[in-house]
Amino acid sequence: LGYDWGGTEVADFDPNSGMVSNAIRLPVASIGSGGCAFSPDNTKFYCDEWTTNVGSQLLQFDVSTLDSVAIAGSKEILSPLSWMGGSGLRLYNDTIYVAGFGTAAIGTINEPNKKGSACDYQGAAISLLQNTNSAMGCLPTEVVYALPPDTLYRTALDTFLCGDRTENILLQPLQLLPGYQYVWSDNSTDTLRRTTENGRHWVQYTNGCHSYVDSFIISGSYLPVPVITIDLDELGTSLSYSTYQWMLNGQPIPGATDSIYTVLENGDYQVIVGNASGCVDTSALYKVSNVSIAGPAGLSKQRVSIYPNPAQQMVFIRYASPVSVQVVAADGRVLKTVTDAKSLDIGDLAEGVYSLRIADNRGQLLETLKLTKVK
């Protein structure tokens with residue numbers, strides 16, 4: 001359908017191609033129609049017309065067949081309208097609403113699928129507040145697709161956040177615009193809002209002409225930040241979660257969705273975890289550099305390995321049986337000795353490179369490894 005100052009047309013529309021064809025011009029007054037709508041079953045077409053000598057009147061056409069003669073012959077004047085100028089017609093929940101220019105009420109077509117007066121047009125079905133008038137185009141258009149972010153009047157999509165946190169969540173409007181006034185759902189007027197409360201929050205901001213609304217839904221439960229732990233060649237997390245996805249060098253490892261992952265190659269490891277509420281978080285990188293290639297048979301572990309390396313505080317030692325470790329400075333001084341060592345605290349050492357002499361419980365030297373201490 002379409003209208004201009006020369007009249008109104010209906011046509012076929014192909015939703016697959018977007019093509020409009022077979023336009024039929026309706027016998028509507030030459031000055032044209034200000035608003036139009038189809039019935040829910042698409043058999044009736046409603047519009048208004050306005051002329052200088054008659055004024056406004058509401059029309060109905062039967063468009064069940066796209067035949068120009070039949071459609072023209074089905075024209076019925078449902079009611080004269082009490083305003084000068086066009087109206088806005090909108091279908092909503094099987095009722096067509098009619099808003100006229102400068103009127104204090106909104107009309108309804110309660111049975112829009114029925115012919116003639118049986119459609120039950122009520123000219124003042126909904127009274128507006130005192131000193132309030134409707135206007136042509138005041139009824140919203142049905143949304144078919146999402147509007148672009150720079151639309152003049154818009155309501156943003158909901159932003160979902162995980163809540164139930166001990167710290168505040170910062171809510172920020174999609175746009176921070178100079179000259180706009182901001183009002184939040186708790187009546188605060190700052191441009192930003194911090195809250196720990198679950199539920200729906202919204203902010204409206206306007207400069208008296210342009211108006212925007214952003215909404216935020218905070219739900220779920222607090223998800224502690226995941227920390228990777230090490231047990232020999234297995235990576236895990238310090239706390240339990242509902243879901244896991246291990247990653248290597250920024251890419252998900254196929255099938256690695258258990259709480260523990262056995263390391264097979266060097267690289268940067270992370271884990272994405274989730275809880276029952278659907279909240280997710282990602283760990284910091286954990287670098288593995290002590291896995292070596294053992295010929296064509298594939299990957300195998302060193303006889304003795306230490307990790308992490310470089311390290312700041314704790315170094316873990318992997319070997320099949322208890323070992324003793326000597327920490328040796330670059331000048332050959334033995335700085336500390338640890339027996340039955342599974343881990344080594346190097347937090348008191350200065351930044352630099354050290355040698356670790358690792359021996360078995362009989363005192364036989366197994367490995368001498370380099371360790372880098374970092375801040």
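A: Let's start with Cys-119, which is buried, with a relative accessible area of 1%. "Buried" means under 20% relative accessible area, "exposed" means over 50%, and "partly exposed" covers what falls in between, using a 1.4 Å probe and protein chains only. Keep in mind that this is a predicted model, where local features need a pLDDT of at least 70 and side-chain atom pairs count only at pLDDT 80 or more, while totals for chains, interfaces and linings use all residues. Residues are numbered from 1 along each chain as its sequence is written, and side-chain values use heavy atoms, with hydrogens and water left out.

Cys-36 is another cysteine to look at: it counts as buried because its relative accessibility is 11%. What about disulfides, meaning pairs of cysteine sulfur atoms within 2.5 Å? By that rule the count is zero. Cys-36 is in no disulfide, and its nearest cysteine sulfur, the one in Cys-47, sits 6.8 Å away.

With a relative accessibility of 4%, Ser-283 counts as buried. You'll find Ser-283 in the loop between β25 (280-282) and β26 (286-288). Strands here are DSSP runs of E with at least two residues, helices are runs of H or I with at least four, and both are numbered from the N terminus. Leaving out residues up to four places away in sequence, Ser-283 touches Pro-226, Ile-228, Gln-270 and Val-271; a contact means heavy atoms within 4.5 Å.

Now zoom out for a moment. The protein has 35 strands and one helix. Of its 375 residues, 37% count as buried. If you take contacts between residues at least 6 apart in sequence, 46% of them join residues at least 24 apart. The protein exposes about 21400 Å², with carbon and sulfur atoms supplying 53% of that; the areas come from the Shrake-Rupley method with a 1.4 Å probe, and for residues only the protein chains shown count as cover.

Next, the rings. A pair of aromatic rings is described by how far apart the centres are and by the angle of the planes. Rings of Phe, Tyr and Trp (its six-membered ring) pair if their centres lie within 6.5 Å; planes under 30 degrees apart count as stacked, over 60 as edge-to-face and the rest as tilted. The whole structure holds ten aromatic pairs. Tyr-180 and Tyr-205 have ring centres 6.4 Å apart and planes at 65°, so that pair is edge-to-face. This pair links distant parts of the chain, 25 residues apart: Tyr-180 is in the loop between β14 (169-171) and β15 (181-184), while Tyr-205 is in strand β17 (residues 199-206). Tyr-180 and Tyr-205 are both buried. Tyr-241 and Tyr-244 are edge-to-face too, because their ring centres are 6.2 Å apart and their planes are at 80°. Tyr-241 counts as buried at 11% relative accessibility, and Tyr-244 counts as buried at 11%. Then there's one aromatic cluster made of Tyr-180, Tyr-182, Tyr-205 and Tyr-212.

Last stop, the sheets, where two strands pair if DSSP finds at least two bridges between them. Three bridges join strand β30 (residues 314-318) to the antiparallel β33, and Phe-316 has Ser-343 in β33 as its bridge partner.

Another open sheet runs β32-β31-β34-β35, with its four strands paired antiparallel. Its edge strands, β32 (334-338) and β35 (365-373), each pair on one side only. Strand β34 (residues 352-360) pairs with β35 in the antiparallel sense over eight bridges. Gly-352 stands opposite Lys-373 in β35, and Arg-357 has Thr-368 in β35 as its bridge partner. β34 and β35 form a hairpin with four residues between them, and Gly-363 in the turn has a positive phi of about 90°.

Notes. Disulfide = S-S within 2.5 Å.
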